[in-house]
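Please read the following report alongside the sequence and the structure shown here.

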Amino acid sequence: MLDQLFTGFGDAFTLINLVYIAVGITLGIVIGAIPGLGSVTALAVLIPVSYYMPPLSAIAFLVGVNKGGTSGGAIPAILLNSPGTPEAAASALDGHPMAKRGEAERAMKFALYSSVTGDTISDVMLIFLVVPVAAVALQFGPLEFTSVLIFAFALLAGISGGSLIKGLIAIVIGVFLSTIGLDPMDSSARMTFGTVYLFDGLPLVAVAIGSLALAAVIEQLFDLWRAGGEVESEGNANMVSSNSKLPFREFFSHWRTIVRSALIGSGIGMLPGLGVTLAAFLSYGAARNASKTPENFGKGDPDGIIATEAANSAVVGANLVPTIALGIPGNIAAALLISAFIIHGIVPGPFMLTMHGEIIYALFASMIMANFVHLVIGRAGIPVWAKIAKAPRGLILPAVIVMCIVGVYLPGQSMFDVGIMLAFGGVGLVMRRTGFSVVCLVIGFILGGMFETSLRQSLLLYKSDFSAIIESPIAIIFLALTGILLFRAGWRELRGAIG
Amino acid sequence: MSDGKPEDRVTASPKIDIVVSIFLATVSIWLLIVTIPKNIGQAAGKNDISPSLFPTLAAWFLLGLSLLLIAVHVAKLRAQGGNGSGRNSGWIVTEFIIWMLTATLLYFGLQTIGFLVVAAVTIALGALAAGYRNYWMIGSLAVVIPLIMSQTAWLVFQVQLP
């Protein structure tokens with residue numbers, strides 16, 4: 001494995017790759033630093049740009065965007081007390097009080113260093129764990145894959161927000177939408193309504209950008225419209241930086257929090273469906289419980305920032321374990337990376353390591369390199385990011401709509417794709433307003449094809465005999481776990497409904 | 001996993017959920033009775049699995065889950081004494097209609113007037129609707145951003161925007 005990793009470094013360590021990584025990280029931080037956008041929007045908008053790159057550079061670029069976008073979210077949280085994404089909310093708890101007492105730059109350095117360290121620990125875990133997990137996954141047949149996918153859907157729906165039923169509905173809608181197009185087995189047309197544009201199914205990039213990025217922008221524009229514009233908060237006041245120094249020795253004196261948080265983030269990242277937000281808050285809670293001065297949390301304790309940022313960045317690397325080993329994304333960012341893999345002819349799953357081993361190890365090398373680039377760019381750009389975070393949303397959001405249109409039009413030069421994206425902007429808006437998870441919809445849509453194929457293969461293989469499940473211990477385990485998950489989440493929801 | 005602002009999850013009331021569930025149940029019945037039978041063929045051979053099996057299964061699940069959601073929220077409303085908190089669904093429908101009208105204008109505008117004008121108008125009107133009032137800044141960005149994007153698309157990707 002080390003040989004392959006060194007070969008990967010050889011393939012990845014090129015000037016052009018480094019430039020793509022650097023551009024990806026910069027764009028990720030810039031978009032992530034704009035309140036309300038974040039790494040998912042950054043990835044969704046920039047995936048089409050990667051069409052024009054070689055596969056390795058494209059994936060490295062998108063990994064850079066994801067890393068930059070995740071850490072960029074801390075900037076508005078610290079400076080403006082305006083977490084653009086839920087996971088950054090925990091960073092604001094201690095970051096903003098630090099900024100208010102004149103330590104904004106120090107708080108941002110704590111966030112950046114924690115982010116890079118957490119990310120590196122999780123990348124190392126990815127490199128060492130992906131092969132054993134993929135080796136287990138290679139033993140899976142269609143029945144086992146079907147049960148793993150059902151488990152992933154249940155897990156995702158159970159923790160997607162307030163309601164299990166709504167999460168399941170969103171997944172089912174996504175899965176249903178994935179059936180539009182030619183049948184994967186006999187190529188007969190399904191719900192194409194006579195138009196050739198639908199033969200390949202609904203365009204993935206248009207669905208993802210429309211429901212994730214565009215819907216988020218429209219929602220914020222409506223909120224601003226209703227509020228009559230952006231309100232200047234006390235957090236927007238210029239903060240004088242009286243203490244900006246953060247020696248590495250001081251940072252690493254918090255090593256216990258760093259390692260604990262990175263492990264929490266990595267553990268959560270490896271399970272499909274659990275997200276960055278959960279990692280950030282669990283890690284924050286664990287740091288506070290372990291602290292000798294828990295009363296300082298929420299008042300500007302650096303451990304609060306470290307716990308949040310190390311954990312949410314550790315999710316980035318770890319969520320590629322199920323993505324690469326099983327083809328099942330750890331979270332929405334990984335789901336978008338899956339779509340990028342597919343676009344570049346790389347099919348995620350256990351065969352990925354044998355069929356595209358050289359690209360995967362080069363990707364691992366790119367991820368490690370990206371952490372160093374992230375540190376350099378993030379550190380040098382702190383004054384710039386602060387200005388971007390303070391840019392008025394009313395001016396930036398309409399420009400993002402235009403970026404979405406260009407992003408969807410570029411790859412296929414198809415107005416049909418633009419139309420689908422605009423329509424899914426409306427669907428995403430309604431889903432966000434009514435509490436249905438857009439993430440569940442997109443993941444259901446991305447995994448729908450794989451789910452259908454494995455289910456149909458199982459039915460053909462076992463001649464629709466459901467007792468075949470008894471012969472597969474793996475399928476039994478995953479289906480039992482699914483049952484437990486659904487029962488627990490369903491019971492909680494029912495109890496909440498009837499008081 | 002959440003996908004937006006933390007307050008996303010609290011915007012809907014039981015009444016809105018019931019309205020949405022009824023809509024979804026109606027859509028799934030329509031899919032089962034009209035869309036799937038009319039737009040998906042049957043299996044080629046006796047031992048093959050019908051291409052309509054999976055979409056049909058998904059539509060049945062959608063119907064079942066929608067009915068379940070209605071039942072849960074009716075129970076919730078009863079527990080609250082019939083007074084569900086939160087706003088009614090009218091504002092969501094209004095926002096959706098406004099966006100779909102805007103989207104239609106954008107779509108046909110792109111095809112007839114072209115990207116540069118449509119992008120400039122989108123940026124300017126979007127900024128004004130969001131309450132931003134620095135007209136010089138709005139005017140400058142409305143001109144500069146579409147120009148940069150269209151030139152980048154052409155010079156870097158050799159793509160002529162519509």
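## Core, helix packing and interface

In the largest nonpolar core, which has 216 residues, the members that touch the most other members are Leu62(A), Ile78(A), Ile169(A), Ile209(A), Cys404(A) and Val442(A). A nonpolar core is here a set of buried Ala, Val, Leu, Ile, Met, Phe, Trp, Tyr and Cys residues joined through C-beta atoms within 7 Å, and a residue is buried if 20 or more other C-beta atoms, placed from the backbone, lie within 10 Å of its own. Helix H6 (residues 89-137) of chain A gives this core its largest share, 21 residues, where helices are DSSP runs of H or I with at least four residues, and strands are runs of E with at least two, numbered from the N terminus. From chain B, domain 1 (6-79) and domain 2 (90-155) each contribute at least three residues to this core.

The model is predicted: local features need pLDDT of at least 70 and side-chain atom pairs count only at pLDDT 80 or more, while totals for chains, interfaces and linings use all residues. Residues are numbered from 1 along each chain as its sequence is written, and chains are lettered from A and ligands numbered from 1 in the order in which they are written.

Apart from its neighbours within four places in sequence, Ile209(A) is in contact with Ala44(A), Val45(A), Leu214(A), Cys404(A), Gly407(A), Val408(A) and Met421(A); two residues are in contact if their C-beta atoms, placed from the backbone, lie within 7 Å.

Helix H19 (residues 393-412) of chain A packs against helix H20 (residues 415-433) of chain A at an angle of about 145 degrees, and their axes are 8 Å apart. Axes are lines fitted to C-alpha atoms over the stretch in contact, and angles run from 0 to 180 degrees between N-to-C directions. To this contact H19(A) brings Cys404(A), Ile405(A), Val408(A), Tyr409(A) and Gly412(A), and H20(A) brings Asp417(A), Val418(A) and Met421(A).

Chain B has five helices and zero strands, and buried residues make up 34% of its 162 residues. The centres of its domain 1 and domain 2, taken over C-alpha atoms, are separated by 35 Å; the domain bounds come from an automatic or database domain assignment.

Between the chains, 78 residues of chain A are in contact with 64 residues of chain B. The table gives the classes on the chain A side.

| Class | Residues of chain A touching chain B |
|---|---|
| Nonpolar | 47 residues |
| Polar | 20 residues |

Ala, Val, Leu, Ile, Met, Phe, Trp, Tyr, Cys and Pro count as nonpolar, Asp, Glu, Lys and Arg as charged, and the others, Gly among them, as polar.

Technical notes: Buried ≥ 20, exposed ≤ 12 C-beta atoms within 10 Å, placed from the backbone.
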